[in-house]
Amino acid sequence: MKLRIWLPGILGILLGLNLGVLGQITPIPSSGSGCSDSSNINCEQCLRNVSCLWCNANKKCVDYPVRTILPPKSLCSLSEARWGVCWVNFEALIIAMSVVGGVLILSLCICCYCCCRSRKNRKNNSIDQKMEREKEQRRMRQEERKNEMKVRHDEIRKKYGLFKEPNSYSKFENN
């Protein structure tokens with residue numbers, strides 16, 4: 001199938017999965033600071049709010065530092081930080097997302113290469129077929145010209161009595 005058909009489908013599936021995961025996390029109505037109210041309760045209750053980060057080392061729920069992409073080590077180390085789900089630490093989440101992203105990019109590049117290569121082969125194949133047809137046509141025209149020249153030469157030989165017979169002595173024997 002063509003890449004143009006697959007790409008929107010894959011993007012739609014990824015978007016649907018992303019929305020499905022985000023749909024499971026329901027924000028808790030905040031009273032005050034929001035995340036600090038959920039401190040020392042448990043990870044599941046803390047992570048119901050998307051803007052919260054659970055630090056497993058000190059069992060505290062803190063606001064996710066939105067200005068920095070990764071939480072600073074002073075807030076919580078990456079191996080102890082939990083965001084989204086409690087059973088995956090932030091470090092493993094980053095590694096897994098990097099691997100999945102790398103595999104997706106690599107597979108996309110391979111698909112593009114294969115599509116371009118097959119298109120090039122199809123184009124070369126059609127060019128080869130065209131060249132083969134032209135070669136056959138030239139050969140046929142050459143054969144026709146060769147036969148016409150032979151006929152014309154035979155007529156000239158007959159006219160001047162130079163026509164070669166298979167056995168030149170046969171006309172003397174038959175008389």
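Which hand does the link of Cys-46 and Cys-61 have?

Guide: The link of Cys-46 and Cys-61 is right-handed, with 80 degrees about the S-S bond. Keep in mind that this is a predicted model.

Stay with this pair for a moment. The disulfide joins Cys-46 to Cys-61, with an S to S distance of 1.9 Å. Cys-46 lies in helix 2, and Cys-61 lies in strand 2, residues 60–63. The two are 15 residues apart in sequence, so the pair ties together separate parts of the chain. Cys-46 is buried, and Cys-61 is buried too.

Now widen the view. The structure holds 3 disulfides. Cys-43 lies in helix 2, which spans residues 43–46. Cys-86 sits in the loop between strand 3 (81–82) and helix 3 (90–160). These positions are 43 residues apart in sequence, so the pair ties together two parts of the chain. Cys-43 is buried, and its relative accessible area is 9%.

One more pair remains to visit. Cys-55 and Cys-76 form a disulfide, and their sulfur atoms are 2.1 Å apart. The torsion about the S-S bond is about 85 degrees, so the disulfide of Cys-55 and Cys-76 is right-handed. This pair links distant parts of the chain, 21 residues apart. Cys-55 is in strand 1, residues 52–55. Cys-76 is in the loop between strand 2 and strand 3. Both cysteines, Cys-55 and Cys-76, are buried.

Cys-109 is in no disulfide. For Cys-109, the nearest cysteine sulfur belongs to Cys-112, 6.5 Å away. Cys-109 is partly exposed, with a relative accessible area of 47%.

Then turn to Cys-111. Its closest cysteine sulfur is in Cys-115, at 6.3 Å, too far for a bond. A disulfide needs the two sulfur atoms within 2.5 Å. Cys-111 is partly exposed, and its relative accessible area is 39%.

Cys-46 with Cys-61 is right-handed. Cys-55 with Cys-76 is right-handed.

Terms used: Residues are numbered from 1 along each chain as its sequence is written. This is a predicted model: local features need pLDDT of at least 70, side-chain atom pairs count only at pLDDT 80 or more; totals for chains, interfaces and linings use all residues. Side-chain values use heavy atoms; hydrogens and water are left out. Helices (H or I, at least four residues) and strands (E, at least two) are DSSP runs, numbered from the N terminus. Buried means under 20% relative accessible area, exposed over 50%, partly exposed in between (1.4 Å probe, protein chains only).
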